[in-house]
Amino acid sequence: MAATQTADIRALLGAGADDDRVAAAHFLVGAVFLVLAGALELFALFSLRFAGLSPVSFGRAESMANVTVMIGFLVVTLSGGIYYVLPRLTGARLWRKELAILGLVGTSGLVVIDLLAVVLGLGDGRQPFGLPWWLHIPMLGLLTIPFAITMMTIRRREEKRSFVTLWFVIGGATWLPLLYLVYFAGDLPFVSSLGEAYTDLFFTAGFVTLWVFTVGSGLFYYTVVKELEIPLASRQLAAVGFWSLGFAAVWWGTAQLVFGPGPGWIAGVSAALGLAFPIGALANASSVSLTLQGHWEKLGEKPGVVSGVLGLYLGVVVAVLASFASFPSVGSVTALTAYWEAIEYGALFGVGALLAAGLTFEALPRVSGRDLSSLDRPRSFNRWTVIGVGGVMLCLLAAGLVSGYSWVAGSNSAAYVNAGEGWAEGAGAADVLLLIAFGFGIIAFIGQLAYAAAVIGTVTIGRAVPQEVLVYRTASAPEGDAADE
Amino acid sequence: MSELSAAAAAALGIPEAIVERSAAARATETGMTVDEVLEVWAGGGDIPTAAAPPIPEEVAEEPEAAEAAPDEGVPPSPPPAVLPPAGEETVPPSPAAPSGGETVSGKPPVLVGEADNPMAVLVGVVALFVAVFLVGLVGPALPAENPGARSSELPYSEAALRGQHVYQSVGCASCHTQMARPVVADVGLGAVTLNDSNQVLGSRRFGPDLSDVGSRVSASQIEGVITGLGEHPSLSLSPGDLDDLVAYLLESQTMEAAPEEPADEEGAAEEEPAES
């Protein structure tokens, strides 16, 4: 394999600064939404434990937290990452950067509208977002923008060789609108209750696997190679990671309805094919670890790379836990319990946030011309996120197992009928764990505040440093729709 | 300063905003003031740096990449500038200039790629999605035959169907399932749910299962829970929505005997107005 420099190096002096402002704007807005999402998730955990005291039901609070972290933070930030790497890997200017800005403004506004719709009770309660059907249409349109920009930019590429990040970007940008289309289709009148339940789980699992893990890992491949100036250890391992994640998309979602009204074969298929999830996560983590071999000491001054590595490792843990619970024998205890809440929380607020930080902390100085305002804030983010999210995950996992076993034991011993008056007693042990989870949620929120402080502080009070400016080779190429084919 | 920066921008041929940021950086590095830096740049001069800014790995490029570029007539481009280069003399030589496979920088290229077709990746990801969609979603969601056995579809009244919408919009399904499974844990919940159920199945059970709740409790008990008795959150519903929701839950009875035997007299009495 002939080594080549990518089109990272091509540019027309000055022209790239505007392109990079698009990415910087996405990082900034994403940071604000992460703090909002963290606060809403904290409120949701409070509602779960102190249902009688909460002014908003857990269902609505959870939906609001989900839409904020998934769309407001993860879609916005990772889209910004895509806009950051695309010109650097293709040598082409970002296609219609004004469309990217429109997407950012539209997505941000729509998230706010979504929150209002849910809290006012206009939604349909379908997880994970609980939106009214008419809000799905603009959302679908907005989620198509990263796909359009990605493919049109790649179509006009100067660099004919693909670094592995491009696969992940193409995959994530393509899968995201398709996933949402499927989720939207769950609102169609002919879709049965079972179909609707499967659709909701399909979307949630797919979002985590096909967007968060895929795009987050792919962007981190670029970050680690670029920042440390070391070559990727194994392109083949990255390929295994990419296609395995694509294959694993839905199985841990459908596995949550094990023994439910779906056909029996789905349980076995989900368990078997769900193994692709930890394989994909492990392949990416291994690939990066091999790449870093002999260079670990450099991570001391690279908190963003540390974030990404932590995100990949936490991703392996999440994937293994999800795959483990997909087996019917385990699912008989864990299905329908807080166990799955732990998986989703860890994937979104842990893996997603850490992988996003892995990109943002390293890319922001390059696109803003300002150094990180402080290395302490990114380090605080890493520390409190791992402790907080890890703690919440452990508590929710334990709460799920406790309640799962309680149902089984209760029914076996006829101690109570779990659907009736004995419910509170049966689930009582889990309540303590939910309370501890709330405490760890506060720690995680401190980490989220540190993330926002690091990002916003960089562009406001960060020390001015030499800025990386893209220089495009095709000086006269029109910025808009002209393809170079 | 704006005049100075504009003049410097014109002299350097780069955007003014970048010039200002770069001047601040250069001033910090050299101990000069920003205005002094801008003055020098505006006059076309250069300011030596204590340590030359690092030229990242971007400097290196193999000739194949340049040959692959369609625009061979266009002069080769400079590397990504670490601004300000303070004049053309500090701009590193063109990366496309080396011949015979030489690289400008001693650092090896790290963003290694292979010639391929990204559109093939696109086709692959779409095909994979379709396959997973069909097997993982459409397949299990298709209605299966329940030959002569029984149905889980309940004959809800108009009020109950309105109540089902309330049930969904409030987010009840985030904590309650309406799905009894053929497992030990669900013994006593009600009839096992089949795939033609028209209840809101849900996927979390932080509270009791409600598939057969109408067989167990009365209308007044349901209303009491919804309005905040016990540990259940108090739901702020209009009287109409409350009645509809109570109707939906009361009519959620999956056990065959349940419709003929309401849980108690009070429940039966209050079911009437809810449906009217």
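This is a predicted model: local features need pLDDT of at least 70, side-chain atom pairs count only at pLDDT 80 or more; totals for chains, interfaces and linings use all residues.
Close-up 1. You will find Arg96(A) in the loop between helix H2 (58-90) and H3 of chain A. Look at its backbone too: phi of Arg96(A) is near 50°, a positive value in a residue that is not glycine.

**Close-up 2. Glu229(A), another residue with a positive phi.** Here phi is about 55°, although Glu229(A) is not a glycine. Glu229(A) sits in the loop between H6 and helix H7 (235-247) of chain A. Is Glu229(A) buried, exposed or partly exposed? With 16 C-beta neighbours inside 10 Å, Glu229(A) counts as partly exposed.

**Close-up 3. Helices H3 and H4 of chain A, packed together.** Two packed helices are described by the angle between their axes and the distance between the axes. Helix H3 (residues 97-119) and helix H4 (residues 136-155) of chain A pack at an angle of about 150°, with their axes 10 Å apart. Angles over 145 degrees count as roughly antiparallel, so H3(A) and H4(A) are roughly antiparallel to each other. The crossing of H3(A) past H4(A) is left-handed. Where they meet, H3(A) brings Leu99(A), Ala100(A), Gly103(A), Gly106(A), Thr107(A) and Leu110(A), while H4(A) brings Pro138(A), Met139(A), Leu142(A), Ile145(A) and Ile149(A). Sorted by class, the residues of this contact between H3(A) and H4(A) are eight nonpolar, three polar and no charged.

Close-up 4. Pro128(A) belongs to the loop between H3 and H4 of chain A.

**Close-up 5. Where helix H6 of chain A meets helix H5 of chain B.** The axes of H6 (residues 193-228) of chain A and H5 (residues 118-141) of chain B come within 9 Å and cross at roughly 165°. That angle makes H6(A) roughly antiparallel to H5(B). H6(A) passes H5(B) in a right-handed crossing. Among the residues of H6(A) that take part are Tyr198(A) and Phe202(A), and those of H5(B) include Leu137(B) and Pro140(B). This contact of H6(A) with H5(B) has six nonpolar, three polar and no charged residues.

**Close-up 6. Leu74(A) in the largest nonpolar core.** Which residues of this 210-residue core touch the most other members? They are Leu74(A), Leu396(A) and Tyr451(A). Leaving aside neighbours within four places in sequence, Leu74(A) is in contact with Val69(A), Trp211(A), Val212(A), Leu348(A), Gly352(A) and Ala356(A). Another core, of twelve residues, lies apart from it and includes Ala8(B), Val19(B), Val40(B) and Trp41(B).

How values were computed: Residues are numbered from 1 along each chain as its sequence is written. Chains are lettered from A and ligands numbered from 1 in the order in which they are written. A nonpolar core is a set of buried Ala, Val, Leu, Ile, Met, Phe, Trp, Tyr and Cys residues joined through C-beta atoms within 7 Å. A residue is buried if 20 or more other C-beta atoms lie within 10 Å of its own, exposed if 12 or fewer, and partly exposed in between; C-beta atoms are placed from the backbone. Two residues are in contact if their C-beta atoms, placed from the backbone, lie within 7 Å. Axes are lines fitted to C-alpha atoms, for helices over the stretch in contact, and angles run from 0 to 180 degrees between N-to-C directions. Helices (H or I, at least four residues) and strands (E, at least two) are DSSP runs, numbered from the N terminus. Angles under 35 degrees count as roughly parallel, over 145 as roughly antiparallel, 65 to 115 as roughly perpendicular and the rest as oblique. A crossing is left-handed if the near helix is turned anticlockwise from the far one by less than a right angle, and right-handed if clockwise. Ala, Val, Leu, Ile, Met, Phe, Trp, Tyr, Cys and Pro count as nonpolar, Asp, Glu, Lys and Arg as charged, and the others, Gly among them, as polar.
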